[in-house]
Amino acid sequence: MGKSVTEKIFEKHLVDGKMSTGEEVGLKIDHTLTQDSTGTMAYLEFEAMGISQVKTQLSLSFVDHNMLQNDFRNADDHRYLQSVAAKYGIVFSRPGNGICHQLYLERFAQPGVTLLGSDSHTPTAGGMGMIAIGAGGLDVAAAMAGEPFYLEMPDVYGINLTGKLAPFVSAKDVVLEVLKKLTVKGGVNKILEYFGSGVKTLSVPERGTITNMGTETGATTSIFPSDEVTKQFLASQGRESRWMELEADKDVRYSEVLDIDLAKVEPLLAMPHSPDNIKPVSELEGTLVDQVCIGSCTNSSLRDLKIVSALLRGKKVHENLSLTVSAGSRQVMENLAVTGELEPLIQSGARILENSCGPCIGIGQAPTTGAVSLRTFNRNFKGRSGTQDAKVYLTSPETAVAAAITGKITDPRKLGVFPEISMPEKFILSDAMFIPAGVNPNAKVIMGPNITSLPQFQSTPSLLKGEVLLKTGDNITTDDILPGGTDIMSLRSNIPEISKYIFHRVDTTFYQRAIQKQGGFIVGAENYGQGSSREHAALAPRYIGVKAVIVKSFARIHMANLINFGILPLTFADKKDYDNIEQGDILELEINHLVETLTLKNKTKTIEIKVNLNLSKQEKEQIKAGGKLAVIKNKQK
């Protein structure tokens with residue numbers, strides 16, 4: 001039987017385990033990627049391992065998330081990141097250079113390589129024909145120390161693309177169609193592999209848009225083949241020598257196949273407050289819009305902004321809304337400027353923002369009270385924009401421009417003739433804000449006063465007892481557990497302070513109750529922990545004494561982060577037992593042996609509940625030791 005692109009890369013990088021669905025495998029990681037929101041903690045963890053330099057082929061540190069410098073804290077963290085990079089052999093991307101995923105795709109991605117990134121949208125690089133996986137910062141730190149990355153071998157789910165996109169329909173609409181079919185949990189323990197005759201009609205940046213937002217299905221990653229289109233993109237970046245052909249065998253068998261005729265895809269929107277709440281734009285026409293934001297790691301490539309510029313040429317932004325545009329990299333901005341395509345954006349009245357994540361993670365541009373905001377981003381969780389009652393819709397650049405011009409949701413196909421754009425054979429390259437990797441053992445690591453030491457956790461006791469501190473519903477996100485935004489994200493290197501904001505938007509009393517009760521349990525429903533890779537959503541709860549999280553099902557990255565910090569991830573053996581636990585109940589759990597099924601005692605209701613603990617051998621060691629860092633440090637002794 002033939003092999004998929006996924007299997008070919010896994011086979012080349014397999015260092016432990018067997019490539020059978022559901023089995024634990026260990027992969028050699030070639031490249032790592034961090035960003036400033038998660039990177040500070042990742043490098044504190046790396047330093048704690050006592051390794052003299054990174055052991056990967058390439059490690060990169062980007063500053064792109066929390067770039068507002070209202071006081072010393074963000075600036076200090078950025079200085080810390082730069083000093084760590086200099087000491088341990090890491091490429092450093094300075095603030096203002098651009099968004100990590102866009103920059104990586106342009107300047108570093110190469111077919112056949114493995115990438116582990118401390119950001120859930122790391123799969124963007126799958127558009128280049130590589131295995132790119134998002135993970136918690138501790139997993140990335142371990143990879144930099146030379147440790148394999150362990151995961152459950154996913155199913156390889158095929159998505160067969162045929163046909164060609166119609167004018168005013170783009171890659172964003174394709175991935176929204178995928179989300180419509182799979183939902184935000186339909187990709188769990190799957191790798192989405194694209195194939196078929198329609199693949200060749202999509203450029204690498206368009207493929208990156210699709211693999212980027214495949215994250216919202218819960219998929220481990222998404223991947224395209226490496227073909228002549230890939231070769232052409234690498235050549236335009238002066239990196240043709242990095243190309244290799246990598247396609248699935250003709251007789252490959254996928255676990256399942258989803259067929260999508262690109263010619264039949266229409267402009268789509270994800271309605272509030274979930275990326276899988278999909279409707280055709282045509283059904284929502286006429287809805288008044290207050291704000292439009294174009295950018296993010298999903299839609300900030302040169303291709304996207306060329307389309308935006310062409311559609312805005314000679315037009316004005318509607319007087320009743322605000323339009324912001326943020327390019328994904330300085331390279332994109334420079335190429336727009338040289339060809340005169342930046343001018344239509346400025347002339348239209350668009351607000352040109354810095355090359356950063358910005359509004360996508362609640363850093364600036366919060367909408368007005370109750371506003372409708374159309375964004376070319378990847379998430380529209382309630383409150384993520386910075387305005388709790390805002391209604392955020394996810395759209396393509398084409399649909400975003402149509403709304404910016406008309407002041408209301410408008411089918412972009414009504415804008416007239418679709419503009420012809422030309423991509424450069426050779427991009428104008430802008431690498432001035434990369435600081436190359438070099439190992440300097442004598443370099444001083446500079447830590448500001450807001451950067452605290454890593455918490456030291458004890459090994460897990462044999463008896464866990466405590467109160468249910470909170471009971472939640474379905475699809476609790478990492479934004480719900482530990483919100484983003486300027487005030488909270490500036491505390492990302494200070495665990496004692498950031499812990500005060502756990503579940504801040506869900507229950508403002510949570511932190512105080514957890515401290516008073518000396519920790520306890522959290523109960524959740526389906527898809528608990530969906531969203532970003534931020535390990536603070538596990539590390540901070542552990543810091544205040546959360547012992548276990550009991551749910552119907554977990555999102556992949558968050559479950560791994562819980563294990564990394566010694567919190568038991570338990571699932572109900574019978575999902576109906578979710579109804580037999582309430583907030584305030586006292587629970588007790590014996591874990592002398594980490595067997596698959598444990599008996600949880602609800603002392604308040606005097607009942608017993610069966611819960612599952614599906615851990616690999618590696619994960620059991622981590623739980624016993626109190627977390628992954630303790631295991632790695634013990635290896636160094």
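How many bridges join strand β25 to β26, and in which sense do the two run? The model is a predicted one, in which local features need pLDDT of at least 70 and side-chain atom pairs count only at pLDDT 80 or more, while totals for chains, interfaces and linings use all residues. Residues are numbered from 1 along each chain as its sequence is written, and side-chain values use heavy atoms, with hydrogens and water left out.

Back to the opening question: strand β25 (residues 586-590) and β26 are joined by 3 bridges and run antiparallel. Strands here are DSSP runs of E with at least two residues, helices are runs of H or I with at least four residues, and both are numbered from the N terminus. Two strands pair if DSSP finds at least two bridges between them. Across this pairing, glutamate 588 sits opposite lysine 601 in β26. The link from β25 to β26 is a hairpin through 6 residues.

On its way onward, β26 pairs with strand β27 (residues 607-612), again antiparallel, over 6 bridges. Here threonine 599 faces lysine 610 in β27. These two strands also make a hairpin, with 4 residues between them, and threonine 606 in the turn has a positive phi of about 50°. In a regular strand, side chains alternate between the two faces of the sheet. Strand β26 (residues 597-602) has Leu598, Leu600 and Asn602 on its covered face, with Thr597, Thr599 and Lys601 on the uncovered one.

Next come the open spaces. The search runs on a 1 Å grid over the protein atoms alone: a pocket is an open set of points with protein on both sides within 12 Å along at least five of seven lines, a cavity is a set of points where a 1.4 Å probe fits but cannot get out, and lining residues have an atom within 4 Å of a point. Grid points are joined across faces, edges and corners, and a volume is the space filled by probe spheres set on the points.

The largest pocket holds about 990 Å³ of space. Its lining is made of 37 residues, and Glu152, Asn189, Met559, Asn614 and Glu619 lie nearest the centre. At least two lining residues each come from β8 (149-152), α18 (556-564), β24 (568-572) and α19 (617-625), with α18 giving the largest share, 5 residues. Sorted by class, the lining of the largest pocket has 14 nonpolar, 11 polar and 12 charged residues. In this sorting, Ala, Val, Leu, Ile, Met, Phe, Trp, Tyr, Cys and Pro count as nonpolar, Asp, Glu, Lys and Arg as charged, and the others, Gly among them, as polar.

The second largest pocket comes to about 840 Å³. It is lined by 28 residues, and those nearest its centre are Thr201, Ser203, Glu206, Arg303 and Met423. Two or more lining residues come from each of α7 (204-213), α8 (228-236) and α9 (302-312), and α8 supplies the largest share, 5 residues. The lining of the second largest pocket divides into 18 nonpolar, 4 polar and 6 charged residues.

The largest cavity takes up about 300 Å³. It is lined by 28 residues, with Gln35, Ser37, His65, Ile361 and Arg534 closest to its centre. Its lining splits into 10 nonpolar, 13 polar and 5 charged residues.

Finally, the rings. The structure holds 10 aromatic pairs, where rings of Phe, Tyr and Trp (its six-membered ring) pair if their centres lie within 6.5 Å, and planes under 30 degrees apart count as stacked, over 60 as edge-to-face and the rest as tilted. One of these pairs is tyrosine 104 with phenylalanine 108, stacked at 6.3 Å centre to centre with 25° between the planes.

Note on methods. Buried means under 20% relative accessible area, exposed over 50%, partly exposed in between (1.4 Å probe, protein chains only).
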